[in-house]
Amino acid sequence: NFVGALIDYYPNQSEGMSLFLSHLKFWLLTPTYISTESYKTKVAVEDTDHQTFANTPDDYTGCKGSKETYRGYPCALWSLFHALSVNAAKKHQNENMFGLYPTPVNNVANAVIDYVSNFFSCRECAMHFQNQVNELGLVRQ
């Protein structure tokens, strides 16, 4: 679900990134259980094969906080979520009839919800996020 959203809406996607994500999505469809170690290995192999992150600077400053403990990963993740949702909305802007969100935008929203619910390391944050989504009832019931 989340990798599919990346394939469809990740901005400025290189050919290497497209191949990396496509191979990862296909691989994720096969087994019923994937260990953290096998996932890391697969990502490393695909990155080596496609040079996916070759041009990524070692010192990412886009979400750098005033101290190591501030911002960083959560900020970058929410920036990615924002970029995916904006790209989905732009790509399908003509489908937004009567103020309703088109299905692709809902797919991105659901992918974000699934990601945060299942993979966000701050469990308290993930539970709060899920509770807010449930209270609003805007995406899925």
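**Figure 1. Asn 12 lies in the loop that joins helix 1 to helix 2.** In this predicted model, Asn 12 is not a glycine, yet its phi is positive, at about 50 degrees. The relative accessible area of Asn 12 is 79%, so the residue counts as exposed, the cut-off being over 50%.

**Figure 2. Gln 51 sits in the loop between helix 3 (36–50) and helix 4.** Gln 51 is another residue other than glycine with a positive phi, here near 50 degrees.

**Figure 3. The protein chain as a whole has six helices and zero strands.** Read from the N terminus, the order of elements is α-α-α-α-α-α. The chain has 141 residues, and 28% of them are buried. Of the contacts between residues at least 6 apart in sequence, 51% link residues that are at least 24 apart.

**Figure 4. Helix 1 is largely enclosed by the rest of the structure, because six of its eight residues are buried.** These buried residues are Phe 2, Val 3, Gly 4, Ala 5, Leu 6 and Tyr 9.

**Figure 5. Helix 1 (residues 2–9) crosses helix 4 (residues 73–91) at roughly 60 degrees.** Packed helices in general are described by two values, the angle between the axes and the distance between them. Here the two axes come within 9 Å. The crossing of helix 1 with helix 4 is left-handed.

**Figure 6. Residues of helix 1 and helix 4 meet at the contact between them.** Helix 1 contributes Phe 2, Ala 5, Leu 6, Asp 8 and Tyr 9. From helix 4 come Leu 80, Phe 81, Ala 83, Leu 84, Asn 87, Ala 88 and Lys 91. By class, the residues of this contact are nine nonpolar, one polar and two charged.

**Figure 7. The largest nonpolar core holds 24 residues.** Phe 2, Phe 81, Leu 84, Val 108 and Val 116 touch the most other members. Two or more residues each are given to this core by helix 1, helix 2 (15–29), helix 4, helix 5 (103–119) and helix 6 (123–136). Helix 5 gives the most, with six residues. In soluble globular proteins, nonpolar side chains tend to be buried together.

**Figure 8. Val 108 is among the residues that touch the most other members of the largest nonpolar core.** Leaving aside residues up to four places away in sequence, Val 108 touches Ala 5, Tyr 9, Leu 84, Ser 85 and Ala 88.

Technical notes: Residues are numbered from 1 along each chain as its sequence is written. This is a predicted model: local features need pLDDT of at least 70, side-chain atom pairs count only at pLDDT 80 or more; totals for chains, interfaces and linings use all residues. Side-chain values use heavy atoms; hydrogens and water are left out. Axes are lines fitted to C-alpha atoms, for helices over the stretch in contact, and angles run from 0 to 180 degrees between N-to-C directions. Helices (H or I, at least four residues) and strands (E, at least two) are DSSP runs, numbered from the N terminus. A crossing is left-handed if the near helix is turned anticlockwise from the far one by less than a right angle, and right-handed if clockwise. Contact means heavy atoms within 4.5 Å. Ala, Val, Leu, Ile, Met, Phe, Trp, Tyr, Cys and Pro count as nonpolar, Asp, Glu, Lys and Arg as charged, and the others, Gly among them, as polar. A nonpolar core is a set of buried Ala, Val, Leu, Ile, Met, Phe, Trp, Tyr and Cys residues joined through side-chain atoms within 4.5 Å. Buried means under 20% relative accessible area, exposed over 50%, partly exposed in between (1.4 Å probe, protein chains only).
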